[in-house]
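Please examine the sequence together with the three-dimensional structure shown below. The paragraphs that follow lead through selected side chains and their surroundings.

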Amino acid sequence: MKISAIWALLKKRKTILIQKGIDTLWVGDGVAAYPIYTIPTLDKNIMQTLLDVGDDAWSSFTVSEQDFVSFDTEDNVIGERELRATGLLINWGGVTLMPLTDGNELYYIQTRYLKPFNDFEPLFCFRRTGSLGGGYIAVKEGMLLRGVMMPYEFIRADEVEYLEALHDTYRADEVYDRRARKGGAGNIRARSAWIRR
């Protein structure tokens, strides 16, 4: 885990959420959170020092502390669904998104939240359902949970239409690939090409 990359994310968004688990502190910006094993305690004053932010600049930061963690910190959770990368990156409004899929749905994560992870460790993403019903993405290095993040949400109608077309295209291409390997592609490619226009 690259601690300096976590600090950079916090400084960029100017939002810090410190969550105190049973044996681990989790720090994030409200979109993603990472376990901090090397620092025994964190509060607003310590965070200001760690981020090397002056008093004037610090006044523009929002810092919250919780005595609990708002997501499951277990390495493995019953019902979590493994997600795989689609091989696409989407630049959307200045944000680079990586679509992940469980085979039925697409979920989008901001690639900048992957920067704290080690480059040499394979990453595995899983969709989990929170205790309040909302979903989040658990990111593991090997079998160990190393971070969580919220999927990127699209709100405007044109964004949703674009994503639906992208999802249909991805599903059609996936079906085409499977059928092509079996020797019966049918007319799936025509549908896929039409959606791309």
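A charge sits over a ring if NZ of Lys or CZ of Arg is within 6 Å of the ring centre and within 35 degrees of the ring normal. Lysine 140 is placed in this way over the face of phenylalanine 126, 4.1 Å from the ring centre. The model is predicted, so local features need pLDDT of at least 70 and side-chain atom pairs count only at pLDDT 80 or more, while totals for chains, interfaces and linings use all residues. Residues are numbered from 1 along each chain as its sequence is written, and side-chain values use heavy atoms, with hydrogens and water left out.

Rings may also pair with one another. Rings of Phe, Tyr and Trp (its six-membered ring) pair if their centres lie within 6.5 Å; planes under 30 degrees apart count as stacked, over 60 as edge-to-face and the rest as tilted. The whole structure holds four aromatic pairs. In a stacked pair, tryptophan 58 and phenylalanine 61 lie 4.9 Å apart centre to centre, with 20 degrees between the planes. Both of these residues are buried (under 20% relative accessible area, with a 1.4 Å probe and protein chains only). Trp26, Phe71 and Tyr136 are linked by ring pairs into a cluster.

Arginine 127 belongs to strand β9 (residues 123-129); strands are DSSP runs of E, at least two residues, numbered from the N terminus. Although arginine 127 is buried, it has no salt bridge, and aspartate 102, the nearest side chain of opposite charge, is 6.7 Å away. A salt bridge requires a side-chain nitrogen of Lys or Arg within 4 Å of a carboxyl oxygen of Asp or Glu.

Key. Helix = DSSP H or I, 4+ residues; strand = E, 2+ residues; numbered from the N terminus. Buried < 20%, exposed > 50% of the residue type's maximum accessible area, 1.4 Å probe, protein only. Lys, Arg positive; Asp, Glu negative; His and termini not counted.
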